[in-house]
Amino acid sequence: MFVIEFFLSIFIAVIIGRLVSKLKLPSILGWLIAGMILGPHALSFLNQQLLDATLYEIIVHILECSVGLMIGTELVWNKIKKSGKAIVLTTLTQSIGTFLLVSFTFGIVFSLMNVPTYLAFIFGGIALATAPAPALSIVREFQTKGPVTNTLIPMAALDDIIGCVVFFTTIALIAGKLSAGKMPPYMIPLIAILPLIIGAFTGILTGFLLKNTRSYTNISFLILISGILLSSGMGFFINYFVLPKPMMNFMLIGMAFSAAFSNIIDEEQLRVLMKMFNPILGFSMIVVILNLGAPLDYHLIFGAGMFTAIYIISRAIGKYFGAFLGAVITKSPKTVEKFLGLTLLPHSGVSLVFTGIAVSVLKGPSPKCAAIIQGTIAAAAVINEIIAVIMAKKGFEWAGELKQIGNTTSSTS
């Protein structure tokens, strides 16, 4: 029954994605809407019991790891060494800038409303992270190519690392203040470093195996798949049996894994491998986005309040102008200055994970604050993600990087 529900959900997502693409919108929007329709808050075809099932979580984590290959295989040193400093600086300005702006904005609002101001920094910590899968899905679907795409892909990896470090540092400090901290201090850096260690270890091992394999076809492909399974398996074990609560970023494991082996093997072998992997990557994208949409409650759109509006607007301003500032300082192309920020607006996957952790920390000592975070971010996730996907696509379009506008079914067929 699980298998039937799972594959039928994917089929429905593909159909809705193709219908949405007829409107010259990204298929990902259709996959996201399909998740919301099929999820626990609507038809409940993908019910909460299924979403919490161990087998389902294993499959999704493996596919998240697979999606990470889209980023990691672009992190080849010879490709990024010319623009590496610019990417690092722009990542810092847009992520830290968003954290500061959202924290400052909510700090003023909360001080006027007698809400604890530490809550503002939690909002800032949640806001700075970007969910890379939606924008990368657009890159894949429309075959975007140009300065914005070249900046976004490696930035996605760095943004995840910075997001984890800032959020977990913030939440640990606040938990310590509230005497509710259950997470040992050493866990904070480990949350960001562990996925990189796992991915680098399995990636180096896979890279040397691939390098010593003369065949560029079946054997190399089996080695790559085995490496993905080993990476996600190690991540799953640590996530559920070592860490105090599940919080491992599997996409980051995939990024580190693929970045490691991509810098060991030659360019032609990498090209052939990724061409063979392309159908799996397309399937993985659909499942990851479907899973992203399933927990979102569309009813929250109608109950969104002032905090939700403030969060969405202040985060968008922080992302856009933070990216703009970084691009100006590093003298990046004008299209990067104007449009990179729009591709950084998708957010929901990371925000919901961070929100769940924040709520678990606050619900004991401050249930009112926990409710404010949960309600605000849940509503923002639904509203922001729909708008953000459209704006991200427009960002690539206005930058002139869409290879084929309108031909949106090639990557999912």
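Author: Searching the whole structure turns up one cavity of 30 Å³ or more. Here a cavity is a set of points, on a 1 Å grid over the protein atoms alone, where a 1.4 Å probe fits but cannot get out, and lining residues have an atom within 4 Å of a point. The largest cavity has a volume of about 60 Å³, a volume being the space filled by probe spheres set on grid points that are joined across faces, edges and corners.

Before the details, a word on the source: this is a predicted model, in which local features need pLDDT of at least 70 and side-chain atom pairs count only at pLDDT 80 or more, while totals for chains, interfaces and linings use all residues. Residues are numbered from 1 along each chain as its sequence is written, and side-chain values use heavy atoms, with hydrogens and water left out.

Back to the lining of the largest cavity: T130, P132, A135, L136, L152, M155, A156, D159, D160 and L344 form it. (Helices are DSSP runs of H or I, at least four residues long, numbered from the N terminus.) By class, seven lining residues are nonpolar, one is polar and two are charged; Ala, Val, Leu, Ile, Met, Phe, Trp, Tyr, Cys and Pro count as nonpolar, Asp, Glu, Lys and Arg as charged, and the others, Gly among them, as polar.

Now the charged pairs. The whole structure holds five salt bridges, each a side-chain nitrogen of Lys or Arg within 4 Å of a carboxyl oxygen of Asp or Glu. One of them joins R271 to E268, with 2.7 Å between the closest N and O atoms; both residues sit in helix α14 (residues 267–293), about one turn apart. R271 is partly exposed at 46% relative accessible area, and E268 is partly exposed at 38%. Buried means under 20%, exposed over 50%, and partly exposed in between (1.4 Å probe, protein chains only).

In helix α17 (residues 334–343), E337 and K334 are three residues apart and form a salt bridge at 3.6 Å. E337 counts as buried because its relative accessibility is 9%, whereas K334 is exposed at 56%.

Finally, K393 meets E397 at 3.1 Å, N to O, within helix α19 (residues 367–398). K393 is buried at 4% and E397 partly exposed at 25%. K394 joins K393 and E397 in a salt-bridge network.

Conventions: On a 1 Å grid over the protein atoms alone, a cavity is a set of points where a 1.4 Å probe fits but cannot get out, and a pocket is an open set with protein on both sides within 12 Å along at least five of seven lines; lining residues have an atom within 4 Å of a point. Helices (H or I, at least four residues) and strands (E, at least two) are DSSP runs, numbered from the N terminus.
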